[in-house]
Amino acid sequence: MTKLKKHEFRPNDYVVYPAHGVGQIISIEEQEVAGLKLELFVISFEKDKMTLRVPTNKATEIGMRSLSSPDVVTKAMTTLKGKARVKRAMWSRRAQEYEQKINSGDLISIAEVVRDLHRTDDQREQSYSERQLYEAALERLTREVAAVSGGDEIEAARKVDEVLMSRAA
């Protein structure tokens, strides 16, 4: 058994992987790849039934991070309350920006997407692609809020929804 290096992430930690959202480190394993020993974080994304192996030395570089602090969650909720900012750019350009924000893994950016794409019942219909982006951002936000508060996703979704509805009033 080789001695594993100290990492800022440990098994059982919840982490945020930019392209996939909240996952849990199940183990740190060593694999031989092309004759090189590689140490990997094994991250489980239970909801997506997916397991990801990330080289431990690349984790921070690719933007993997610990869960947001409660302060950041509060800021994200405050962001949700804000007025939607919709640029006048073409949809393809805006969609690209939304996608980048969602995949940045940054909770505030994700909250901005939710805020900007949220529609109340009396507002115009969302296009299919708007709805897809909105739901992706909402899911990321909800999962992280749930993980930070140690609560369940249903409770977190209710909280987020309350904030969005209070804004509409």
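Mentor: A crossing of two helices is called left-handed if the near helix is turned anticlockwise from the far one by less than a right angle, and right-handed if it is turned clockwise. Please bear in mind that this is a predicted model.

Trainee: Which hand does the crossing of H2 and H3 have?

Mentor: The crossing of H2 and H3 is left-handed. Helix H2 covers residues 91-104 and helix H3 residues 107-117; the two pack at an angle of about 140°, and their axes are 7 Å apart.

Trainee: How is the relative orientation of H2 and H3 to be classed?

Mentor: Angles over 145 degrees count as roughly antiparallel, 65 to 115 as roughly perpendicular and under 35 as roughly parallel, the rest being oblique. H2 and H3 are therefore oblique to each other.

Trainee: Which residues make the contact of H2 and H3?

Mentor: H2 contributes Trp 91, Tyr 98, Lys 101, Ile 102 and Ser 104, while H3 contributes Ser 109, Ile 110, Glu 112, Val 113, Asp 116 and Leu 117. Sorted by class, this contact of H2 with H3 comprises 6 nonpolar, 2 polar and 3 charged residues.

Trainee: Let us turn to the sheet. What is the order of its strands?

Mentor: In general, strands of a sheet pair through backbone hydrogen bonds, in either a parallel or an antiparallel sense. Here 5 strands form an open sheet in the order E4-E3-E2-E1-E5, with antiparallel pairing. Strand E4 (50-55) and strand E5 (65-66) stand at the edges with a single partner strand each, so one side of each is left without a neighbour in the sheet.

Trainee: How many bridges join E2 to E3?

Mentor: E2 and strand E3 (residues 36-45) are joined by 9 bridges. E1 (residues 14-17) pairs with E2 (residues 21-33) over 4 bridges, and E3 pairs with E4 over 6 bridges.

Trainee: How many residues lie between the strands in the hairpin of E2 and E3?

Mentor: That hairpin has 2 residues between its strands, and Ala 34 takes a positive phi near 50° there. The hairpin from E1 to E2 passes through 3 residues.

Trainee: Which strands does helix H4 lie across?

Mentor: Helix H4 (residues 128-149) lies across E1, E2 and E5, and runs at about 85° to E2.

Key: Residues numbered from 1 in each chain as written. Predicted model: local features only at pLDDT ≥ 70, side-chain atom pairs only at ≥ 80, totals over all residues. Heavy atoms only, no water. Pairing = 2+ DSSP bridges. Contact = heavy atoms within 4.5 Å. Axes fitted to C-alpha atoms, helices over the stretch in contact; angles between N-to-C directions. Nonpolar A, V, L, I, M, F, W, Y, C, P; charged D, E, K, R; others polar.
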